[in-house]
Amino acid sequence: MKSLLTRLGLAAALLLGSVSGVRAADPKLVVAFLPKSKGNAYFISCKAGADKAAKELGIELLFDGPTDSNAAKQNEIVENWITLGVDAIAVAAENKEGISTALRKAQKQGIKVVTYDADSMPDARSFFVNQATPEGIGQTLMDEAARLLKAEGEFAMITASLTAANQREWQKHIEARLKEKYPKMKLVAVRPCDDLKDKAQSEATALMSANPNLKLIMAICSPGVPGAAEAVKQAGKTGKVKVVGLGLPNENKRYVHEGVTDSVILWNTGDLGYLTIHAAVSLAKGTLKPGAKSYTAGKLGSFTIAGDNILLGKPFIFNKGNIDQFNF
Amino acid sequence: MNRYFRELSVVGALGAVLIAMAVFAPAFYQPQPLLSLLTREAPTLVVACGMALVIICRQIDISVGSMFSVVSVCAGLLAARGWPLLLVLPVAMLLGALLGAFNGFLVAGLRLPSIVVTLATMVALRQGLNMVRQGEFVNMPDAVQWFGLSQSAGQWLMVAIALALLVALGLAMRHVAAGRFVYAVGTDAEAARLAGIQPQLVTFLVFVFIGAFTGLAAMMNIVQSPQVQPLSGMGLELKVIAAVVVGGVAISGGRGNLWGAFAGLLLLACVAPALTHLHIEAYWEKAIQGGIILLAVVADGVRSRKQN
């Protein structure tokens with residue numbers, strides 16, 4: 001009931017907004033920004049960057065999304081935006097194929113489409129703002145681990161599952177980097193945690209007792225990082241066994257401050273939102289065209305475009321010095 | 001053949017694993033990691049006790065994982081608001097008991113099949129929680145951890161609570177009339193009714209019990225770290241059902257005991273750390289656990305055919 005009311009209210013607000021826009025013949029561009037789910041802190045932090053870009057560019061930003069990660073709801077929202085006649089839509093796709101039909105329809109109506117965070121089918125959008133390539137993630141994690149261990153010693157890895165495609169992809173790049181650059185480091189074990197913090201904690205406990213020379217645990221799924229950190233802390237090995245991983249700042253702040261976890265790696269979500277809105281606006285204005293090789297987004301400067309992927313660049317490293325600036 | 005052959009065979013298997021570890025990976029027996037392992041399994045044991053009751057009563061409850069998550073998050077939020085843990089604990093158990101009572105009402109009151117009822121509540125609770133929390137962790141004050149005790153005191157407390165519950169319930173099932181009613185209803189509800197037992201009431205109550213135990217277990221889990229992951233408890237139902245079945249509790253009801261379930265739980269819980277210590281690839285973990293479950297089910301099948 002509540003969600004119905006808010007949705008009605010939102011629709012009314014949107015309608016009013018667009019009507020007044022038309023009446024005033026305001027050249028203000030309208031860009032719609034669709035997260036996978038709108039209550040999620042991750043996407044709210046993306047939106048903070050998007051808001052900043054909207055302000056700078058003097059455009060109107062619409063923000064709406066499902067309350068739960070719901071692919072069908074995403075389609076509905078896009079359909080509404082098509083009806084409203086927005087200028088550009090930026091989408092984080094919950095379902096790659098599912099959203100694409102609606103996005104193609106939007107493109108047919110002359111609406112420019114970019115995706116961010118999670119891509120649609122390539123023909124349903126002009127560009128995908130790619131927050132991190134598997135290669136970038138793998139290399140940054142491995143380099144950070146090597147930096148902490150001074151490129152020497154044993155480490156173990158905790159993954160979500162041994163079969164998940166993204167985990168395997170990251171693992172492949174981590175192992176490639178290890179082989180190429182760090183001959184004195186050794187990956188002694190890879191353990192799955194089923195995306196559960198509690199299981200990661202048990203796994204990390206066993207890893208430490210089974211491998212007395214273990215110097216570092218690298219968790220490449222987000223619940224694994226605090227799970228491993230808690231295990232290290234409880235084993236009284238803070239500082240002796242270091243923890244790095246791919247995760248969210250809020251889930252790791254306390255361990256970073258306690259010195260259990262050294263670095264948490266992800267991308268700067270604010271920058272992701274900022275770059276996405278800049279790209280969407282430039283597309284709508286015609287200043288960014290398919291085939292471009294690079295793109296300059298306001299204060300963030302220049303970004304490489306690989307094919308139809310605008311690359312956000314190297315992942316971001318959260319550590320003691322900067323983690324408090326992020327809230328997601 | 002000894003009537004406790006099934007239980008003894010599980011204990012034997014567990015003993016074999018423990019001896020093998022002593023020979024091939026003595027590092028397994030370091031006090032801190034071992035205590036941590038037991039502490040991590042203590043909440044699971046509490047839920048497994050409840051599951052044993054439910055299965056002996058010829059029912060099943062696959063919603064325990066979702067109940068566990070819901071109670072964990074609610075209790076975590078209360079603790080984060082500064083509620084004293086001694087108040088949060090009864091609230092958590094009450095919430096669990098209420099969720100269990102809802103299952104119990106549908107199963108015993110409306111006579112619906114428990115697998116369908118608890119499948120529905122499992123999905124509904126999980127999705128509802130996802131919708132509200134969006135996967136966000138609950139951060140609690142540091143004082144919550146270990147109920148404010150030192151780490152080792154807290155760990156021993158968790159293990160002690162779980163073992164105390166196991167022993168009390170294990171004895172009650174054998175020596176208290178209410179415990180024997182559960183066996184009677186699980187063996188033959190109609191005969192139990194003729195003997196003056198109210199099968200529907202017993203069925204309702206076992207669901208209330210497993211709910212309250214799940215609430216307690218959730219509490220015992222959230223004090224082990226300062227954060228609650230809303231996914232915690234995912235897959236818990238499979239873990240405890242497997243432990244109970246491996247421990248010799250017949251899925252057709254009326255047979256088995258909590259000691260067996262305890263041994264089954266320990267056996268399955270040993271698999272992952274044992275593989276880590278033996279440096280065997282993790283791919284084998286689920287396969288070995290599956291193999292153990294299959295072996296137990298086959299043993300049950302062979303035995304009941306012999307009896308017929």
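Analyst: Helix α5 of chain A, residues 134-149, lies across β6 (153-159), β7, β8 (214-219), β9 (242-246), β10 and β14 of chain A. The helix runs at about 170° to β9(A). The model is a predicted one.

The strands under this helix belong to a sheet. In chain A, 6 strands form an open sheet with mixed pairing, in the order β7-β6-β8-β9-β10-β14. Its edge strands are β7 (185-192) and β14 (316-318) of chain A, and each of them pairs on one side only. From one strand to the next, the twist averages 20°. One position to look for here is A:Ile265, which stands opposite A:Ile317 in β14(A).

How is chain A divided into domains? The assignment gives domain 1 as 2-130 + 268-313 and domain 2 as 134-266. Taken over C-alpha atoms, the centres of these two domains of chain A are separated by 34 Å.

Chain A also has a sheet of 8 strands. This open sheet has the order β2-β1-β3-β4-β5-β13-β12-β11, again with mixed pairing. Its edges are β2 (60-63) and β11 (294-297) of chain A; each has a single partner strand, so one side of each is left without a neighbour in the sheet. Direction ignored, neighbouring strands of this sheet are turned by 25° against each other on average.

Within this sheet, β4(A) can be followed residue by residue. Of the 5 residues of β4(A), 5 are buried. In a regular strand the side chains alternate between the two faces of the sheet. In β4(A), A:Lys112, A:Val114 and A:Tyr116 point one way, while A:Val113 and A:Thr115 point the other way, and all are buried.

On one flank, β3(A) is joined to β4(A) by 4 bridges, and the two strands run parallel. A:Ala88 has A:Lys112 in β4(A) as its bridge partner. The path between these strands passes over a helix: β3(A), helix α4 (residues 96-108) of chain A and β4(A) make a right-handed β-α-β unit. As for β5(A), 3 bridges join β4(A) to that strand, again in parallel. There, A:Val114 has A:Phe127 in β5(A) as its bridge partner.

Further along the order are β12 (residues 301-306) and β13 (residues 309-311) of chain A, which pair in the antiparallel sense over 2 bridges. In β13(A), A:Asn309 is the bridge partner of A:Ala306.

Helices pack on this sheet as well. Helix α10 (residues 269-285) of chain A touches β1, β2, β3 (88-91), β4 (112-116), β5 (127-130), β11, β12 and β13 of chain A. The direction of α10(A) makes about 165° with that of β4(A). Helix α2 (residues 41-57) of chain A lies across β1 (30-34) and β2 of chain A, running at about 160° to β2(A).

Chain A also meets chain B. The contact takes 34 residues from chain A and 30 residues from chain B. On the chain B side, the elements that give two or more residues are α2 (31-56), α5 (114-133) and α11 (258-277) of chain B. Of these, α2(B) gives the most, with 5 residues. By class, that side of chain B has 13 nonpolar, 15 polar and 2 charged residues.

Methods
Residues are numbered from 1 along each chain as its sequence is written. Chains are lettered from A and ligands numbered from 1 in the order in which they are written. This is a predicted model: local features need pLDDT of at least 70, side-chain atom pairs count only at pLDDT 80 or more; totals for chains, interfaces and linings use all residues. Two strands pair if DSSP finds at least two bridges between them. Axes are lines fitted to C-alpha atoms, for helices over the stretch in contact, and angles run from 0 to 180 degrees between N-to-C directions. Two residues are in contact if their C-beta atoms, placed from the backbone, lie within 7 Å. Ala, Val, Leu, Ile, Met, Phe, Trp, Tyr, Cys and Pro count as nonpolar, Asp, Glu, Lys and Arg as charged, and the others, Gly among them, as polar. Domain bounds come from an automatic or database domain assignment. A residue is buried if 20 or more other C-beta atoms lie within 10 Å of its own, exposed if 12 or fewer, and partly exposed in between; C-beta atoms are placed from the backbone. A crossover is right-handed if, with the strands pointing away from the viewer, the path from the first strand over the helix to the second runs clockwise.
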